[in-house]
Amino acid sequence: MKTDILIVGVGGQGTLLASRILGKFAFLKGLDVKLSEVHGMSQRGGSVVTHVKMADKVNSPIVARGEADVILSFEKLEAARYLDFLKEGGIVVTNVQEILPMPVITGAKEYPSDCLENIKKAGIKVVEKDALSLAEKAGSSKAVNVVMLGALTKYLGLDKAAMLEALKATVPAKFLEMNLKAFEYGYTE
Amino acid sequence: MKLMLGNEAIARGAYEAGVKVVSAYPGTPSTEVTENIARYDEVYAEWAPNEKVAFEVAIGASYAGVRSMVCMKHVGVNVAADPMFTAAYTGVNGGLVILAADDPGMHSSQNEQDTRFYARSAHIPMLEPSDSMEAKEFTKLAFELSEKYDTPVFVRTTTRLAHSQSYVEECDRTEIAVKPYQKDITKYTMMPSSAIGRHVKVEERENQLKVDVETMSINREELNDLSLGIVCSGVVYQYVKDALPDASIFKIGSVYPIPIESIRAFSKKVKRLVVVEELEPFFENQLKANGIQCEGKNLFSKLGELSVYEIKSKLIGEKTESLKADLPLRPPVMCAGCPHRGVFYVLKKLGLTVSADIGCYTLGAVAPLSAVDTVVCMGASIGIAHGFKKALGEEAAKKVVSVIGDSTFIHSGITGLINAVYNGSNLTLIILDNSTTGMTGHQNHPATGLTLKGTPSPILDLVELCKVVGSKSVTVVDAYDMPAVEKAVKSAIDEEGVSVVIAKRPCALLSKKYPPALSIDGCKKCGACLKIGCPAIEKQKDGSARINSSLCVGCGLCVGLCKFNAIKGGEK
C-alpha cells in the first residue's frame, strides 16, 4: 500500500497537527512514513502545504507533482492551487470554507468561488465538507483539521480504529472529547 | 522507533554524543535543533544575541574540553564567519559541531546562498544527511571527526531535511569526560607567529581527510543499471531514488571534502554521469576540475529546489500537463492584531522612505501597506538609513527612517545605532518592540527576561541602552495608538541628532485573551479601513467592508480609520 497525501490550507488552520496524526497512524499500521512541513514565513496566513507519504518504503519526503492519491484541503481555493500534485484517478477532499487572501480582501482580485466546479468538470472526484460548521458544532472552529481527517478516513477507506488511536495519542487530553466529536462529524456527515 | 523532524534528530544525535554546551540564534530552518536540545537536562543550551557570539561560546566550551555545538541558518553563517575561519586554524579540544541550515527556494530567507562553499573556503569538513536517522548518526560522527582531526565540523541541512519527519532509532547518551584544557599559545592564540604554524596543520589535516573520506561508509555506491549514474547528497538523494529507481547512485555523505577517487571509479562503471545537486555546481565543478566528465547544471537550474518531477522530466523526459488556473495568490501577511501594522500604516501615510529589517515586519513591504523600501540582512536597516542620509541633502534625508524589531536590534542593530550617533546622523530609528523573536516562533532574547531554558534573567532595557549610546531622544509609544505613533515619528524626524521611537506591544499571538471582535454597521464603502491590510477586514462584492469575526482579535486599529464611526465594539 502506497498513499501520498497532500494537506493544503491557510497558515494557522492546523495542517501540521493533521499530518502528525497521520504519521502516528502510519506508525501504528507498521508502515514506513515521511512527513514534510512548512515553518517560518509561510505560516503567517499564507498558503501552506504539508506532505504525508506512507508505504512499505518511503524515499522522498515530498509528494511529487502528479503523484498524490488525495489532496486534503482545508480551504476551497487551496484545493485548486495544488491540483498539479494530484495523480490520475486521485481525489480531492475539501472544506468548502472560503478564506479570502489579501489580493481579494483589497479588491485587486476576485475569489474564484466556482473553482471546485472547474475541478469536477475536469473529471476529478471532489468530496465537499462544510468543515467549519461541523467543527463549530463539535465545539471549536479550530477543529476543522480533525473534521477533515474524519472525512479522509472515510473516503480513503482507512482503518478508523487505528486513526482514532492516533488521534488520541496526538491531541492534548483536554481537547480530546471535542476532537473525537469533530472526527465523527467528518466521518459520518 | 520514533518519528522525528530532521532538526529534532540532530538534537538527539548531539545529545547521544554527549554534547555539553549549545549556543545559537534562532533562524528558519534551524531553530528547532536548539529548542529540542534545550529539553535535555544534561545539556547547557542558550540563545545568544547573534550567531557570532553563539559561535564564540561554542569555541570556548570546546577549548575548555567539552563537546559543543552552534546552530544557525545559512545567513547566520555569514555573521559567524569571522570566528569560524580562525577556529578552523586553532582546531578544537572537545568536539565542535556547526549546524548550518540552507534554504533552497527561500521558504523563509532573504537569499539562497550555498553554505557548502564555506566548508571549502574555511577548510572545515562538512557532512550532509538525507533523512532523520542519518541526521542523528551524522551528527554523532561529526563530533568524532572533530576530535579525531582537530577541527570544527559542519553538519549541513536544507529546509526539506530540517522540516521533514522520518523514523529514528534512539540510543543512550554517552557521557564524555572533560578533556583537560592545557595552555598552548601556538594552538589557541592566533597571531601571525602561531597562525603560520596552524595554517600548516590545516593543510595537513585536510590532505589526510581527503584520503580518509574515500573509505568512509557515509560515502557509498549503489550499483544498479549502469547506463545512468547519479552523484548526489542530502535530501536530493531521496528525490533521485523516487525519480530514477533503476539508476546507479553515488551518494555523498561528506560533502567536503568529497571522495573524489571513489567518484572517479564510479564514473568509469557508468555510461552517463550526472551530478544532481541543488543550488550551485559545487560537486560538478570539483569533478570537472579533477578530470571527471559529467553533466549537471546544463540540465538543472541553480535557482530554487529540485524535485522528483524535475529530475524525471530532465532525465527521462516525463512530463504532465499543468492543470493550474489563474488563481489569486495567498502571500503571507501580518496577523490580525499584529502590533506592527499600525506603525507601517503611519509610515506610509507620512510618505517616508523606510529602511526595514529581517522579521515579521518585513511583511510591511506587502500590499496594501507597501510601506517598506529596503531590506537586506539582520541589523542592516540602521546603517542603510545612515548611508541614505549621508548621500542626500538635509531636507531629503528627513524622509528616511529605519525600522527594526527588538530581537534584530539586539542581534546586530546596536552597532549601527552607535555609528549613527558617532558620525552625526539625523537618524530616526523606530524599534518595533513586540517582546519576542516573532517570525521564528517566539524565542526569548536578552530583553524578554527569560533564557532558552526558561529561567529568569536580567532584562535588557532598550530605552536606557539607546540613551546611553547617545541618542538625543527616546520615546516609547503604544504600537496600537496610531495618533501617538504619528506624533512621535513626526517629532523624531524634526529633531537634530539620533532619535529613537520604541513602538511597544507584545506579539498578538502571545496573547491568551483577546477583546471581543469588532463589527461594521452602516458601511459607506469608502474603503479607508481596507488600506490597513488586516486579514480580518474583507471587501465584499458590493464594495462594503465586513469584519470576519473568526479572525478579528479586537485590536481596534481600524476604528479610528472610519470617518463614519461605523466600526463598533472592541478595545478603545
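Which residue takes a positive phi just after α13(B)? In this predicted model, that residue is B:G317, with a phi of about 65 degrees.

Helix α13 of chain B spans residues 308–315. Its buried residues are B:V308, B:Y309, B:I311, B:K312 and B:L315. Viewed down the axis of α13(B), these buried residues fall within an arc of 165 degrees, so they line one face of the helix. An α-helix has 3.6 residues a turn, so residues three or four places apart point the same way. What lies over the buried residues of α13(B)? The cover includes α10 (234–243) and β13 (272–275), both of chain B.

Next comes the contact between the chains. Chain B gives 44 residues to it, and chain A gives 44 residues. On the side of chain B that touches chain A, β8 (164–168), α10, α13 and β20 (537–539) each supply at least two residues. The largest share of that side comes from α10(B), with 4 residues. By class, the side of chain B that touches chain A holds 23 nonpolar, 14 polar and 7 charged residues.

Strand β2 of chain A, residues 32–36, pairs with β8(B). The pairing is antiparallel and runs over 2 bridges. Within β8(B), B:Q165 is the bridge partner of A:L35.

Technical notes
Residues are numbered from 1 along each chain as its sequence is written. Chains are lettered from A and ligands numbered from 1 in the order in which they are written. This is a predicted model: local features need pLDDT of at least 70, side-chain atom pairs count only at pLDDT 80 or more; totals for chains, interfaces and linings use all residues. A residue is buried if 20 or more other C-beta atoms lie within 10 Å of its own, exposed if 12 or fewer, and partly exposed in between; C-beta atoms are placed from the backbone. The arc is that of the directions from the helix axis to the C-beta atoms. Two residues are in contact if their C-beta atoms, placed from the backbone, lie within 7 Å. Ala, Val, Leu, Ile, Met, Phe, Trp, Tyr, Cys and Pro count as nonpolar, Asp, Glu, Lys and Arg as charged, and the others, Gly among them, as polar. Two strands pair if DSSP finds at least two bridges between them.
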